[in-house]
Amino acid sequence: MRLRAVLFDMDGTLLDTAPDFIAICQAMLAERNLPAIDDQLIRDVVSGGAKAMVSATFALSPQAPEFEALRLEFLERYQVGCAVHSHLYEGMAELLDDIEKAGLRWGVVTNKPVRFAEPIMQQLGLAERSALLICPDHVTHSKPDPEPLTLACTMLDLDPASVLFVGDDLRDIESGRDAGTRTAAVRYGYIHPHDNPSHWGADVVVDRPRDLRKVLDQALCGC
């Protein structure tokens, strides 16, 4: 079936949002006169959300008495600074241009709450270009459940088989596969050092955003 739309996970796939997370974590440490940590320690756990990043930053168990206050502070800071340093991955701007020139629609399906996702899309000039933005606020079950992808296909009025979902986490691939979409796993995102996208069962695995252009060309010509 001919490809009609491309859907992206947000963090680690469409956008490199880690710089904002890192800036917030390092600022929280500095304000407590604690030494900075290696940025990579934070980047490695971005896919685990605020809980994982706070845990890595302060070397604290989520069960620690002071943990919840730190997590809430992290989220408050992120609400204000969620789109200061975040940006499209190298080659992604050109890929989006190519998608639009090919007459395809594109959108975002993310586990990031809408209160963070919408401002980021707006401030980066993507909101008016994207066909849709699906967040946990819009569904009962988030990825890896297929509901977000099923909703996206319904909103686009497309057969899932004509949609490609691109993600940097096993949850993305499981969600897309169970919803009936084609799936592409990326190696450049927020992947734990011990994880391997080749083991996720995606239809294709790519190293860089520009590699997705070849995937799109093959899908468009029915190869």
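**View 1. Phe 21, a buried residue.** Phe 21 has a relative accessible area of 5%, so Phe 21 is buried (buried means under 20% relative accessible area, with a 1.4 Å probe and protein chains only). Please keep in mind that this is a predicted model, in which local features need pLDDT of at least 70 and side-chain atom pairs count only at pLDDT 80 or more, while totals for chains, interfaces and linings use all residues. Residues are numbered from 1 along each chain as its sequence is written, and side-chain values use heavy atoms, with hydrogens and water left out.

**View 2. Phe 21 and Phe 74, a stacked pair.** The structure holds 6 aromatic pairs (rings of Phe, Tyr and Trp, the last by its six-membered ring, pair if their centres lie within 6.5 Å; planes under 30 degrees apart count as stacked). In one of them, Phe 21 and Phe 74 stack at 6.1 Å centre to centre, with 15 degrees between the planes. Because Phe 21 lies in helix α1 and Phe 74 in helix α4 (residues 67-80), the pair ties together parts that are 53 residues apart in sequence. Helices here are DSSP runs (H or I, at least four residues), numbered from the N terminus. Phe 74 is buried too, with a relative accessible area of 1%.

**View 3. Phe 74 and Tyr 78 along α4.** Phe 74 also forms a stacked aromatic pair with Tyr 78: 6.5 Å centre to centre and 15 degrees between the planes. The two residues are 4 apart in helix α4, so about one helical turn separates Phe 74 and Tyr 78. Both Phe 74 and Tyr 78 are buried. Phe 21, Phe 74, Tyr 78 and Phe 116 form one aromatic cluster.

**View 4. Helix α1 against helix α4.** The axes of α1 and α4 come within 10 Å and cross at roughly 125 degrees (axes are lines fitted to C-alpha atoms over the stretch in contact, and angles run from 0 to 180 degrees between N-to-C directions). Contact residues (heavy atoms within 4.5 Å) include Phe 21, Ile 24 and Met 28 of α1 and Leu 70, Phe 74 and Tyr 78 of α4.

**View 5. Helix α1 against helix α3.** The axes of α1 (residues 18-31) and α3 (residues 49-58) come within 10 Å and cross at roughly 40 degrees. Helices α1 and α3 are therefore oblique to each other. Phe 21, Cys 25, Met 28 and Leu 29 of α1 meet Met 53, Thr 57 and Phe 58 of α3.

Terms used: Angles under 35 degrees count as roughly parallel, over 145 as roughly antiparallel, 65 to 115 as roughly perpendicular and the rest as oblique. Rings of Phe, Tyr and Trp (its six-membered ring) pair if their centres lie within 6.5 Å; planes under 30 degrees apart count as stacked, over 60 as edge-to-face and the rest as tilted. Buried means under 20% relative accessible area, exposed over 50%, partly exposed in between (1.4 Å probe, protein chains only).
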